[in-house]
Amino acid sequence: MKTGIVKDWRYMEHDMGAFHVENPKRIEAIYRMVEKDISFPYTEIEPRLAKEKEIQMVHTSSYVNTIKETSGKGKMQLDPDTATSARSYEVALLAAGGLLKAIDLVMSGKIQNGFAIVRPPGHHAEASRAMGFCLFNNVAVGAEYLVNKYGIKRILVIDWDLHHGNGTQHSFYSRSDVLYFSTHQFPHYPGTGYWDEIGQDKGKGFTVNVPLSGGKTDEDYLFIFRKILAPIASDFKPEFILVSAGFDIYKADPLGGMQISEDGFGAFTSELMSVAHKFSKDRILFTLEGGYDLQGLSEGVKQVLLYLGGEGKKPQIGEDISPITEKELAPVFDTQKQFWKL
Ligand SMILES: [Zn+2]
């Protein structure tokens with residue numbers, strides 16, 4: 001079965017409080033949808049705990065200890081919007097470990113693609129700091145694992161979450177083996193991700209930021225994936241693709257101002273799969289980041305899964321972009337032309 005799904009009810013045990021938008025109900029809504037609506041045969045992946053050493057490929061040992069020390073304790077506030085509960089440390093290890101297990105299955109050829117449906121999310125987590133609902137940076141740990149365990153030389157990380165993945169960007173800012181590509185609302189939390197952040201030293205050109213004002217549609221995102229991401233990918237030739245899949249760009253999301261539809265998520269998946277088909281032997285893994293409208297979240301994940309499993313129905317979405325989008329993308333094109341054939 002070519003598609004793997006990381007699914008484990010223990011992900012509900014990290015709890016920042018019932019009134020927090022990043023709460024266990026998110027994963028519950030998605031898992032109920034999977035059980036009800038995903039009828040194609042898939043490989044259910046039981047996650048493992050990431051080892052401390054694996055987390056330390058991205059995070060400092062003192063930070064890992066700080067999170068470890070919250071084990072068994074009541075609510076500990078780490079930053080204004082991130083907290084731990086008694087089980088958070090273990091669940092965070094399980095989140096990163098879920099992606100690592102999926103990577104092993106892809107690398108051994110048992111699956112081709114998949115989705116790590118995990119929480120807490122990861123892309124804001126910095127080397128030594130919890131941020132924006134994130135404890136450990138799951139996707140950054142996954143990328144390091146691919147480099148260190150499997151000797152993968154070129155990894156493309158695509159982050160379509162509403163927010164900029166500051167932690168992931170900073171993890172690889174001076175490196176040319178992990179290309180970080182992010183679309184995000186700007187200005188918005190966390191404040192990073194302007195188009196002039198392009199990487200440094202050896203990493204120059206290997207960070208691609210596409211900051212966008214609110215209101216962007218399926219068409220706008222498809223245009224960006226086709227006209228900016230695809231040409232860069234065909235130059236970079238990734239051996240493996242990791243996607244930080246946030247569903248807070250959904251039109252009804254309470255935290256975001258984007259206008260993405262359910263069908264949009266399917267169309268984006270189809271675009272990214274065709275990049276994976278051309279360059280990375282179809283190796284592509286999605287990992288859950290944000291998404292706070294439960295209906296949009298589970299419908300969005302469903303569309304991604306249907307495409308991964310080969311059951312997506314190509315929606316009719318054009319490429320017409322508004323003059324505002326065109327104006328916002330101009331500096332991105334100008335900047336990236338120095339590094340890539342755009
Ligand atoms: Zn987000």
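Lys 216 is in contact with Tyr 221, Met 258, Gln 259, Ile 260, Ile 324, Thr 325 and Glu 328, when its neighbours within four places in sequence are left aside; contact here means heavy atoms within 4.5 Å. The model is predicted, so local features require pLDDT of at least 70 and side-chain atom pairs count only at pLDDT 80 or more, while totals for chains, interfaces and linings use all residues. Residues are numbered from 1 along each chain as its sequence is written, and side-chain values use heavy atoms, with hydrogens and water left out.

**Overall form**

- The secondary structure of the chain consists of ten helices and ten strands; these are DSSP runs numbered from the N terminus, with helices (H or I) of at least four residues and strands (E) of at least two.
- Along the principal axes, the C-alpha atoms fill a box of roughly 50 × 45 × 40 Å.
- Of the 342 residues, 61% count as buried (buried means under 20% relative accessible area, exposed over 50%, and partly exposed in between, with a 1.4 Å probe and protein chains only).
- The accessible surface comes to about 12700 Å², and carbon and sulfur atoms account for 51% of it. Accessible areas come from the Shrake-Rupley method with a 1.4 Å probe, and for residues only the protein chains shown count as cover.
- Among contacts between residues at least 6 apart in sequence, 79% join residues at least 24 apart.

**Zinc site**

- The zinc ion has three named protein donors, Asp 161 (OD), His 163 (ND1) and Asp 248 (OD), at 1.9 to 2.1 Å. Donors are N, O and S atoms within 2.8 Å of the metal (3.2 Å for Na, K and Ca); water is not among the atoms, so sites may look incomplete.
- Along the chain, the donors follow the spacing D-x1-H-x84-D.
- Asp 161 and His 163 are both buried.

**Nonpolar core**

- In the largest nonpolar core, which has 106 residues, the members that touch the most others are Phe 115, Ile 117, Trp 160, Phe 181, Leu 242 and Phe 247. Helix 4 (residues 88–107) gives the most to this core, with 13 residues.
- A nonpolar core is a set of buried Ala, Val, Leu, Ile, Met, Phe, Trp, Tyr and Cys residues joined through side-chain atoms within 4.5 Å.
- Nonpolar side chains tend to be buried together in soluble globular proteins.

- Lys 216 occupies the loop between strand 8 (207–212) and helix 7 (218–236). Lys 216 is buried, with a relative accessible area of 3%.
- The side chains of Lys 216 and Glu 328 make a polar contact (3.2 Å). A polar contact is a pair of N or O atoms within 3.5 Å; within protein, one must be able to donate a hydrogen and the other to accept it, and residues adjacent in sequence count only if both atoms are side-chain atoms.
- Phe 268 belongs to helix 8 (residues 262–279) and is buried, at 0% relative accessible area.
- Beyond four places in sequence, the residues touched by Phe 268 include Trp 160, Tyr 221, Phe 225 and Ile 249.
- Leu 308 is in helix 9 (residues 294–308) and counts as buried at 0% relative accessibility.
- Leu 308 and Gly 114 are 194 residues apart along the chain, with their C-alpha atoms separated by 6.9 Å. Gly 114 is one of the contacts of Leu 308, as are Lys 2, Phe 115 and Phe 286.

**Backbone features**

- The peptide bond from Phe 186 to Pro 187 is cis, with omega near -5°, and Pro 187 sits in the loop between strand 7 (178–185) and strand 8.
- Tyr 189 and Pro 190 are joined by a cis peptide bond with omega of about 5°; Pro 190 is also in the loop between strand 7 and strand 8.
- Phe 133, a residue other than glycine, has a positive phi near 75°. Phe 133 lies in the loop between strand 5 (113–116) and helix 5 (138–150) and is buried at 11% relative accessibility.
- Lys 237 has a positive phi near 55° and is found in the loop between helix 7 and strand 9 (240–245). Lys 237 is partly exposed, with a relative accessible area of 42%.
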